[in-house]
Amino acid sequence: MHKMVVLHVKRGDESQFLFNAGVETSVDVLLQEITAIYNRRLKVGRICSEMCELAEHGITLPPNMQGLTDEQILDLKLKDEWEDKCVPSGGLVFKKDDIGRRNGQAPTDKMKAVLLQTVDEVKALISKKQAEANVCVTMAMVKEGLEQLRGAVMIVYPMGLPPHDPIRLEFEDREDLSGTQASLQVLEEAECQLWWAAKEMQRGKKLQDYIGKNDKTKLMVKIQKKGQGAPAREPVVSEEQHKQMMMHYYRRQEELKKLDEADDDTYMDSEWSDRQALKKQFQGLSNIKWGPR
């Protein structure tokens, strides 16, 4: 098995995931694969967020009914044709969606648990905490997570979701993020740069052009959009190291304060402070007690 370089991918100051690559890997391939994992993890995050809403308030209403009050829907004589087709397995519980985005026909607690437990498992699978545990995130892991989410939705909604539901749109890669905050997070591979040690890793070059043949190393790389200039350098001391240093300094200060507060003359009563102790010992005068026995 080939040894691999471990790339700790960050965007800005935020840790994202660990990625394995051989020294022969080109920067172009690195950008392609890292961007793909980064964007797919965002997709998983969006689906998880929507699945929590699905568990709480049921399927989304058609776009022309979203945000309207019950009275407005009646006045406009609007009808959700998917309401009777997309009923959760095991029955439903009515939980009104106050923002009027979903139809309020929520799954039962048992089916709700299927959705929420799967969400938690998949979040853990591709979590940013995997980097702390030295676990590399691969595209296969992200795809596995997507399939788990898809499976959970199929268990609860075997007839599928409405064609306008954001979860279905995400699974079918038909989501429209234009004008949303989520769109600002997505990276276009052609517009991306990879930086290491305050240098841009140039397309057309290989990893070994920067680190040599050293395939047992770990690099901190930053991914960002073109035109943003060099990213901020990593601090010499990590946040955790800084915290430990401050704790050590605080404990030392407390110890010194306690010494200052103690009576500095108390040591005079100690045997070891008696300058004549050694002489008395030789003369057999130590441990002499005066007074009646």
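**Figure 1. Surroundings of His164 in the predicted model.** Leaving aside residues up to four places away in sequence, His164 touches Thr60, Leu61, Pro62, Pro63, Trp82 and Leu169. The residue itself is found in the loop that runs between α5 (139-156) and α6 (166-171). His164 has a relative accessible area of 18%, and because buried means under 20%, His164 counts as buried.

**Figure 2. Polar atoms of His164 and Leu61.** A polar atom of the His164 side chain lies 3.4 Å from the backbone oxygen of Leu61. Leu61 is also among the residues that His164 touches.

**Figure 3. Helices α1 and α3.** Helix α1 comprises residues 27-57 and helix α3 residues 109-125; their axes come within 9 Å and cross at roughly 160°. Because angles over 145 degrees count as roughly antiparallel, α1 is roughly antiparallel to α3. The crossing in which α1 passes α3 is left-handed.

**Figure 4. Residues that meet between α1 and α3.** From α1, the residues involved are Val44, Cys48, Met51, Cys52, Leu54, Ala55 and Glu56. They meet Lys112, Leu115, Leu116, Val119, Val122 and Lys123 of α3.

**Figure 5. The chain as the setting of these views.** The chain contains 10 helices and seven strands. It has 293 residues, of which 35% count as buried. Of the contacts between residues at least 6 apart in sequence, 69% join residues at least 24 apart. The accessible surface of the chain comes to about 18,900 Å², and 53% of this surface belongs to carbon and sulfur atoms.

Terms used: Residues are numbered from 1 along each chain as its sequence is written. This is a predicted model: local features need pLDDT of at least 70, side-chain atom pairs count only at pLDDT 80 or more; totals for chains, interfaces and linings use all residues. Side-chain values use heavy atoms; hydrogens and water are left out. Helices (H or I, at least four residues) and strands (E, at least two) are DSSP runs, numbered from the N terminus. Buried means under 20% relative accessible area, exposed over 50%, partly exposed in between (1.4 Å probe, protein chains only). Contact means heavy atoms within 4.5 Å. Accessible areas come from the Shrake-Rupley method with a 1.4 Å probe; for residues, only the protein chains shown count as cover. A polar contact is a pair of N or O atoms within 3.5 Å; within protein, one must be able to donate a hydrogen and the other to accept it, and residues adjacent in sequence count only if both atoms are side-chain atoms. Axes are lines fitted to C-alpha atoms, for helices over the stretch in contact, and angles run from 0 to 180 degrees between N-to-C directions. Angles under 35 degrees count as roughly parallel, over 145 as roughly antiparallel, 65 to 115 as roughly perpendicular and the rest as oblique. A crossing is left-handed if the near helix is turned anticlockwise from the far one by less than a right angle, and right-handed if clockwise.
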